[in-house]
Amino acid sequence: MTSRNLLSFFIRELVKIGFKEIEVAYPSASEQEFQFVRSIIQGGDVPDDVALQVITPARPDLIAKSIESLSGCQHAIIHLYNAVSPVFREVVFRNTKEQTMELTLNAVRLVKKLTEEETARSGTRFTLNYCLETFSQTEADFAVELANSVLAAWGKATPDHKVIFNLAATVECAPSNHYADMNNNLQVEYFNTHVNQRDCVVVSIHPHNDRGTAVAAAELGLLAGGDRIEGCLLGNGERTGNVDLITLALNMYSQGISPGLDFSTLSETVALVCRCNEMEIPVRYPYAGQLVFSAFAGTHQDAIKKGLDAQELRWSEVDRTGAGTKHWAMPYIPLDPKDLGYGYENLIRVSSQSGKAGTAYVIKQTMMLDLPRRMQVSFYKVIQDESERLGKEMTATLIASAFKQTYSLNPQPLGRLFLKSISLSPLSPTSREPSSPISDYSDDSQTLTPSEDASSLLRLEGELVVDGNTRTIHGDGNGPVLALLDALRCDLGFELELGESAAQTINKDSPAHTKSVTFLEMHLPGVSPNKSGVGTCWGVGISSDVAAAKCRAVISAANALSGNRSFLRPKRIFSPRPKVTKVDSNDWIHEVKLRAGGVPPSDQDILGSFRVETPTQN
């Protein structure tokens, strides 16, 4: 793609965003710029409702070249400028006020003459945009006198065909309120209230960013009576640049004022601007930077997570009832990132400085798991240690991997213990003997230890991998959790006690993919956990079966608590030999099959077997 094609593409992007007046070139500066303007017009890159603006100094030869470049355009704006402040009059041009006035009016008269000729020739409609360059350093009364003289010289300003006065803070050299405030007898508000034919005038705000306050100056200039803003995307321009129209527009948008511009694919727009101008922007640049919607601090993350949870409930209620509005109200995030084409996955970034809420948010977004508060504290310590060990930010992928590793969430064994299967059988309340295994055990996901009644007494038989070897375990208890704890105690000598628990169902709307999740806190006997959870370990179990999810959560926590402890050896099971029947008669002979020679044996003869005992002699 050539530079010309790239810039044409950029112009089309500006049109798509919604700009109605676009300054495209300085055609009198070079033949290349002149031909670029011609290519835009001849190529039909700009629709009829968009005006093309070109800039020209107040010099006759350059004015003529600029107007020529716009021939055939539907609507063109001539941006005529000359510096009028004392320092330029005295140092650069060595002109008096009167000479500056004469230079300006001569240029305006020439523009009027040449544009009228071009209109008659090609039909192009022209608007005059006179820029008082260095307006912010010019005497307020002289600026108004100059503007009123321009209006008189132009002689055809009407409410339908207005003259634009561009009030340029060419060099930002005072606080932003000075640019706008009449109390200082300065700038925009004074001009706005003293210029003639106000209904025939567009007051255009044109701040630069030398003090870093161009956006503030623009906003104050609008409040002081400005009608129009001139600026650049991402603040491109001379020195520190012009006001950034992206920041300004989205500031207005965040206050409920539509700027009439569409930045719903902001990242693509930013990439194009940077490419065309061979520039980069900081990662924390307002709205456009990669980290502007990212929170690293724990307190910020906690507030954002709570805000997202509350908003989800609020918006769900709007969907359910059809009443109300899905308004955006979020701590630290002034507008919805999705309005700019971003997602929520980047809102919270986790480092060693982050808190529990940030880590919990990432797990919820990536794994759909809503961790209990005490578990958030416990797991965050894992992430904090890992972040410090690696010396870098923990991405969502790293956090999810650490979660699966910590809680042994894997189809293959990750820890010392791995539950391969379980079978549950109801126990008779009198004989304590199991009946046939339950094929479809119904369990309440929210109840960890059922009441001690006959219906909840179970016998659990399971296959448990212990340090790489598969063992069969048995245990009795009220519900699968207590039965499994009994099995660990009896068969492994591993005794555990329960702490807090929570349950969740994910993918409720898709029965084929619905999963039960159990979060279970456990600790060793004799340990008294404190409020922050020191001394306990959490386990997580996920399964389409509620009982299996609970049992997997037990083993998940048991893995974390097992350490280097020794488990009991597997019990040896005695199986008695079958008794041999003693033969007391000659009947035994009838069991013997005799085969004559030469006759091939049958399959029964080969595969059958018998034992002969010699009968006792009488």
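**Close-up views of a predicted model**

**View 1. An aromatic cluster brings five residues together.** Ring pairs join Tyr130, Phe135, Phe165, Tyr179 and Phe191 into a cluster. As this is a predicted model, what you see here is computed. The count of aromatic pairs comes to ten. One of them is edge-to-face, because the rings of Tyr130 and Phe165 have planes at 85° and centres 6.5 Å apart. This pair links distant parts of the chain, with Tyr130 in strand E4 and Phe165 in strand E5, 35 residues apart. Both Tyr130 and Phe165 are buried. The rings of Phe135 and Phe191 have centres 6.1 Å apart and planes at 85°, so they too form an edge-to-face pair. Here Phe135 comes from the loop between E4 and H6, while Phe191 belongs to helix H8 (residues 187-194), 56 residues apart. Phe135 and Phe191 are also buried.

**View 2. Seven strands make an open, parallel sheet.** Follow the strands in the order E1-E2-E3-E4-E5-E6-E7. At the edges are strand E1 (21-25) and strand E7 (228-229), each pairing on one side only. Four bridges connect E1 with strand E2 (residues 51-57), and Glu23 has Gln53 in E2 as its bridge partner.

View 3. Helix H6 (residues 140-154) lies across strands E4 (125-133), E5 (163-169) and E6 (201-207), at about 160° to E4. Helix H9 (residues 214-223) packs on the sheet and touches E6 and E7, its direction making about 160° with that of E6.

**View 4. Two lysines sit over aromatic rings.** The charged end of Lys65 is 4.3 Å from the centre of the Phe34 ring. Lys338 lies over the face of Tyr344, 4.4 Å from the ring centre.

Conventions. Residues numbered from 1 in each chain as written. Predicted model: local features only at pLDDT ≥ 70, side-chain atom pairs only at ≥ 80, totals over all residues. Heavy atoms only, no water. Pairing = 2+ DSSP bridges. Helix = DSSP H or I, 4+ residues; strand = E, 2+ residues; numbered from the N terminus. Contact = heavy atoms within 4.5 Å. Axes fitted to C-alpha atoms, helices over the stretch in contact; angles between N-to-C directions. Phe/Tyr/Trp six-rings, centres within 6.5 Å; stacked < 30°, edge-to-face > 60°. Buried < 20%, exposed > 50% of the residue type's maximum accessible area, 1.4 Å probe, protein only. Lys NZ or Arg CZ within 6 Å of the ring centre and 35° of its normal.
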